[in-house]
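This report describes selected features of the structure shown below.

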Amino acid sequence: LALNYCNSGRVEKAIEMLEQVETVDSANNPRDVSSTMVNMGHCLVQSCQYERALPLLEKAVAIRKECLPHEHDEVANALRMLSACCERMGEIKRATQLAEEALSIASSCLPRNHADIALFISQLASCKQTTGDLDETIQLTQQCISILKLNLPASRRSLCASLCNLGFCYQNKGMLQEAIRTLEERLVAQRSFLPSYHPDIGTTLWNLGMTCHKRGDVVAAS
């Protein structure tokens with residue numbers, strides 16, 4: 001319920017509920033405490049309260065590393081969340097190292113094409129994109145998309161987000177034809193589950209038109 005509040009924008013309500021849970025958990029299993037900390041950290045990152053999120057996520061990682069095997073998906077997930085927080089705080093080198101560690105652990109304890117692997121690849125790709133390493137970003141995002149396609153229809157929203165990121169990377173490298181092809185694929189994916197009037201479809205059409213215009217295809221852009 002707390003995460004539903006967070007995802008709907010009612011972050012302070014979510015944090016209030018999670019703090020109550022943390023009070024109860026503190027006398028119980030450390031693993032439960034770490035779960036509450038990760039959830040609180042997620043809500044705080046979502047609301048750009050990175051300074052509050054950072055110590056919670058650091059403590060969650062420490063707890064999970066102490067009470068769980070090193071190659072455990074919960075350890076990997078806490079590292080991924082900490083990486084996301086560090087990235088948004090501008091600590092890119094640390095964020096990248098955490099993302100690489102998280103992906104390494106997740107890859108060792110989850111099936112090769114498990115949908116969650118895409119989350120870890122996506123976080124590392126985000127770090128690489130922030131540093132301007134577009135070639136590595138493209139390679140990682142392509143890997144992410146390949147996994148997400150194997151996990152449809154559950155992964156369709158994540159697939160659309162990754163296709164969007166890939167399209168922008170192609171645009172930034174001047175690879176306009178590849179960008180157009182990727183955005184067209186995203187549009188097809190969106191239309192498979194969103195109503196025709198959805199704003200996300202409108203955004204994709206706009207980006208597709210602008211990319212066609214840059215390439216000189218005025219007819220298609222219009």
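Which side chain meets that of Arg88 in a salt bridge? The partner is Glu87, at 4.0 Å from N to O. The model is a predicted one, in which local features need pLDDT of at least 70 and side-chain atom pairs count only at pLDDT 80 or more, while totals for chains, interfaces and linings use all residues. Residues are numbered from 1 along each chain as its sequence is written, and side-chain values use heavy atoms, with hydrogens and water left out.

**Salt bridges**

A salt bridge requires a side-chain nitrogen of Lys or Arg within 4 Å of a carboxyl oxygen of Asp or Glu. By this rule there are eight salt bridges, and the table presents three of them.

| Pair | N to O distance |
|---|---|
| Glu74 and Arg31 | 2.7 Å |
| Glu58 and Arg94 | 3.0 Å |
| Arg88 and Glu87 | 4.0 Å |

Helices here are DSSP runs (H or I, at least four residues), numbered from the N terminus. Glu58 lies in helix α4 (residues 50-67) and Arg94 in helix α6 (residues 92-109), so this pair joins parts that are 36 residues apart in sequence. Glu58 and Arg94 also belong, with Glu91, to a network of salt bridges.

Accessibility is classed as buried (under 20% relative accessible area), exposed (over 50%) or partly exposed (in between), using a 1.4 Å probe and protein chains only. Glu87 is buried, at 11%, whereas Arg88 is partly exposed, at 43%.

**Helix α9**

The 17 residues of α9 should span 24 Å at 1.5 Å a residue, and the end C-alpha atoms are 25 Å apart, which agrees. The expected span is 1.5 Å times one less than the number of residues. Buried residues of α9 include Leu159, Leu163 and Tyr170. The buried residues of α9 pack against α7, α8, α10 (176-191) and α11 (199-215), where contact means heavy atoms within 4.5 Å. Gly174, with a positive phi near 80°, follows α9.

**The largest pocket**

A pocket is an open set of points on a 1 Å grid over the protein atoms alone, where a 1.4 Å probe fits, with protein on both sides within 12 Å along at least five of seven lines; lining residues have an atom within 4 Å of a point. The largest pocket has a volume of about 780 Å³, the space filled by probe spheres set on the points. Its lining comprises 32 residues, with His42, Arg80, Met81, Leu119 and Ser158 nearest the centre. Helix α7 contributes the most to this lining, with seven residues.

Methods. Helices (H or I, at least four residues) and strands (E, at least two) are DSSP runs, numbered from the N terminus.
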